[in-house]
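Hi,

Here is the structure I promised to pass on. Have a look at it first, and then read my notes below.

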Amino acid sequence: MRDGIFSLNRQANLSIQSQIREMLVSAILGRQLPPGDPLPSSRRLAKTLGVSRNTVVLAFQGLVDDGYLESRERSGFYVSRDILTGHAEEPAPPQQPVQPATGGPDWASKFRIVPSGQANIKKPANWLTYPYPFIYGQVDQSLFPIAQWRECSRQALGRRGMDAWTGDAMAEDDPMLIEQIRTRLLPRRGIMAGTDEILVTLGAQNALYILAALLVLPGTRVAIEDPGYADVRNIFGLKTDDLVPIPVDDKGLPVDQRLDGADLIFVTPSHQSPTTVTMPKARRRQLLEKAEDTDALIIEDDYEWETNYVSEPTPALKSMDDGGRVIYVGSLSKTLFPGLRLGYLVGPAPLIREARALRRLMLRHAPNNNQRTAALFLALGHHDSLVHRLHKAYRDRWQAMGEALAAHLPGWSKAPAFGGTSYWVSGPDGFRASRLAERALDDGVLIEPGRVMHAGDRPADNHFRLGFSSIAAERIEPGIELLADIIKRDF
């Protein structure tokens, strides 16, 4: 046997046992280890790989259980003679690079929409390697209760609950998760809803795309916040050219004649994205009255509601809605983790019925195992405990960033009264935050220029966002000081 088969490319996100298993499975399926061939002894392979013998034995036993290996008493482990039955012979790798096809379709002429041409927020995939990652929307892994999540996942994937996650639920959601959203999350926002008024989505963004598909035609007028959530602008921009960006002020979206004629109004009233201001109750009432007078619908993205650790909690706009005009979008990304991709849509039953039918055509339903794990995490109180832990950590970082900005960039920002996980920073007219972001990378400082969050052909470029959910409190002040030094030196 070739010694090169048995080598590990150490991966931090996989256990040694899993890496050994992956190495052997690849060799077996790739026919480098033919059926019936013996494997090295566990002692010899452990010495070759530089790992413990027990780890190798456990990997061998797992492959026996799954039919890849056979264990022969007093002889050792052999590749199963049946494991490749039904497997086609894998083609040999090409000797020369594959040349691109010529004379094929003119794809540029085939596309009816070109989403890749839209302006989008970009984040380095290796952001964890930067010493000062003021990046928004990521989590501090040290704060997440991995043991509790793992236990909930173990319960969700147990044999007793197999019917909840192995079957095709067609268009339905996990009833346990719906009940947790209905009885635990929504009442904290002042919202009472029936089970037929809630739909689980793959994050808030999936909910927004469903609403755009259901409610927007080429002539539909949609009012949006400016600056605002870039993906909202892009989602609705694929459906209609009649977008009305309305500049926000220190109370959020203004309510005036610019909303006249709008069929849909998108708003983040509790914590405006990205400026972090909160819409007061008086303006919320004005917005509801305007929607009633003009027969408009309101889409409320209850952005970061779980991260209010500074001021008194404000009920959602939907809790004030007596006319059924507010469609509510929520997410678990900010408190659990964005990779989970779980959110929820709340609205009148007729809307949810159509949204469910459309979602079935798109993806049927969110993965059952994720839904049940999240439901258990909520039901067992782990989510509440996590929110409490996040509030403490975020408040320390919120205070550290406020003090650092006041000391090094005075007058450039105002502390979010809500809390949240970011600061919105505004430089003087003519200042180019996009250039600062590029320059700061050289010194290990990651910021998010705000230009992409503005609408229009010539968006403002003097704003940037500083996130603090994924940076330790003790690194905030040195990072802000370094950023201020770059500004003084190069701008």
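This is a predicted model: local features need pLDDT of at least 70, side-chain atom pairs count only at pLDDT 80 or more; totals for chains, interfaces and linings use all residues.

Residues are numbered from 1 along each chain as its sequence is written, and side-chain values use heavy atoms, with hydrogens and water left out.

**The sheet**

Helices (H or I, at least four residues) and strands (E, at least two) are DSSP runs, numbered from the N terminus. Seven strands form an open sheet in the order 4-10-9-8-7-5-6, and the pairing is mixed. Two strands count as paired if DSSP finds at least two bridges between them. In general, strands of a sheet pair through backbone hydrogen bonds, either parallel or antiparallel. At the edges of this sheet are strand 4 (198–201) and strand 6 (243–247), each pairing on one side only. On average, neighbouring strands are turned by 20 degrees against each other, direction ignored. Axes here are lines fitted to C-alpha atoms, for helices over the stretch in contact, and angles run from 0 to 180 degrees between N-to-C directions.

Strand 4 runs antiparallel to strand 10 (residues 343–346), and four bridges join them. In this pairing, L199 stands opposite L345 of strand 10. Helix 11 (residues 349–362) packs on the sheet, where it touches strand 4, strand 9 and strand 10, and its direction makes about 30 degrees with that of strand 4. Contact means heavy atoms within 4.5 Å.

How far apart are the end C-alpha atoms of helix 1 (residues 16–29)? They are 20 Å apart, which agrees with the 20 Å that its 14 residues should span at 1.5 Å a residue; the expected span is 1.5 Å times one less than the number of residues. Its buried residues (under 20% relative accessible area; exposed is over 50%, partly exposed in between, with a 1.4 Å probe and protein chains only) are Q19, I20, M23, L24, V25, A27 and I28. Their cover includes helix 2 (42–49), helix 3 (53–65), strand 1 (69–72) and strand 2 (76–79). After helix 1 comes R31, with a positive phi near 65 degrees.

D231 is in helix 9 (residues 230–237). Leaving aside residues up to four places away in sequence, D231 touches N120 and Q205.

**Aromatic rings**

Rings of Phe, Tyr and Trp (its six-membered ring) pair if their centres lie within 6.5 Å; planes under 30 degrees apart are stacked, over 60 edge-to-face, and the rest tilted. That rule gives 14 aromatic pairs. One of them is W149 with F377: the ring centres are 5.3 Å apart and the planes at 65 degrees, so the pair is edge-to-face. W149 is in helix 5 (residues 146–156) and F377 in helix 12 (residues 368–379), 228 residues apart. Both W149 and F377 are buried. Ring pairs also link F144, W149, F337 and F377 into a cluster.

The charged end of R435 is over the ring of F491, 4.5 Å from its centre, and R465 lies over the face of Y136, 3.9 Å from the ring centre.

Cheers

Notes:
A charge sits over a ring if NZ of Lys or CZ of Arg is within 6 Å of the ring centre and within 35 degrees of the ring normal.
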